[in-house]
Structure formats: structure tokens, C-alpha cells
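The structure comes before the notes.

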Amino acid sequence: MRTIRPVWLVVIALVAGAAGWVTTQLTNRASLPTPVLPLSSLLTMGIIVVLTLTLGVQVLRWRNGHRNKPLNAVLAARTVVLAQACAYAGALLSGWHLGVLVDQLPTLALRSNLNVIWFALAVVGGGIIMIVVGLIVERFCRIPPEDGPPPAGKSPKRNSSGGEEYA
């Protein structure tokens, strides 16, 4: 399994931002509502962040020596996948809503109701939190390489992250 590449997060955010900007342009021309998530979506984003952190802390505690019982390998793998999905979803949501904000900022002085702007800013902030938590929990799940020579007949496992593996 590979680590998250920050470049991909930026690419996802840029593509989503462009899509959000174009979609907002089209919906405004058709007199449709601006395509932003409601504030209730922050609750869902918060639940995902808390779940990801909780699972990540369990793996981190095991990695740091609190090994009262063996670590469930499936739980550790799912935690890494959840952390990566959290970061990617945060990039997507942040990018989309930044695109909406870019479209809406020129009309800021003309608006009497700024709810759309505040909703978009809130989701951008939540997306950034998701990215940060995803990256942190992914790091929680790394285990350092084992010291010593590899067993007889086996070549050392090479990894793009400097020899580290996931728990």
C-alpha cells in the first residue's frame, strides 16, 4: 500500500475547484440555487474525522508498545484505508467549495444574504480538517522497519517510504 501523495490531493482539489466553479456558473445562469452542501454535512464530516482518529489512536497505542492484545490486522488495514479516504474526500470537498467561493466572491457586496458564502467556508474548513486528520492517522499506522538482517533466503522488502510498512 502506498502513502498518500500530497500532489494528488492538490490535483483533486484543483479539478474539483474547477468543476465547482463551472457548475456554479451554470446554475447561476439557469437561476438555480448555488451548489453547496448544507451545514448539516459538517456533522457527517465530524463523525468521519472522530471515527478515523479513534481507530488511528488504537493503532498508534499498539505501535507505541501498549500491546495487551494482538492488533487485528484487518482493523489496521481498514484504518489506513479510512485515513486515505478521509484525506481524499477532504480534498474533493474543499476544492469544490473553493471553486464556488471563487465564483461568489465578486458578488459579495451585492448580496443581502451571505449564507452560501458561510456554508462554503465552513465546508472548506471541514475539508481541510479531514485532510489533516487523514494524513496524521496514516502516519499513526506506519510501523518502523525491523532491525537486523532478513531471514535466510528472503530479500529485504523495499518500500517507497524508506522501508516502513503499515501496521
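C86 is buried, at a relative accessible area of 2%, where buried means under 20% relative accessible area with a 1.4 Å probe and protein chains only. C141 is buried too, at 0%. The model is predicted: local features need pLDDT of at least 70, side-chain atom pairs count only at pLDDT 80 or more, and totals for chains, interfaces and linings use all residues. Residues are numbered from 1 along each chain as its sequence is written, and side-chain values use heavy atoms, with hydrogens and water left out.

**Cysteines**
- The structure holds 0 disulfides, a disulfide being a pair of cysteine sulfur atoms within 2.5 Å.

**Fold**
- The chain has 4 helices and 2 strands, counted as DSSP runs (helices H or I, at least four residues; strands E, at least two) numbered from the N terminus.
- Their order from the N terminus is α-α-α-α-β-β.
- Among contacts (heavy atoms within 4.5 Å) with a separation of 6 or more, 79% join residues 24 or more positions apart.

**Burial and surface**
- Of the 167 residues, 31% are buried.
- The accessible surface (Shrake-Rupley method, 1.4 Å probe) is about 10400 Å², and carbon and sulfur atoms hold 67% of that area.

**Second largest pocket**
- Helix α2 (residues 40–63) gives the most to the lining of the second largest pocket, with 3 residues.
- The lining residues are Q58, R61, W62, H66, N68, K69, P70, L71, N72 and L75.

Note on methods:
Buried means under 20% relative accessible area, exposed over 50%, partly exposed in between (1.4 Å probe, protein chains only). On a 1 Å grid over the protein atoms alone, a cavity is a set of points where a 1.4 Å probe fits but cannot get out, and a pocket is an open set with protein on both sides within 12 Å along at least five of seven lines; lining residues have an atom within 4 Å of a point.
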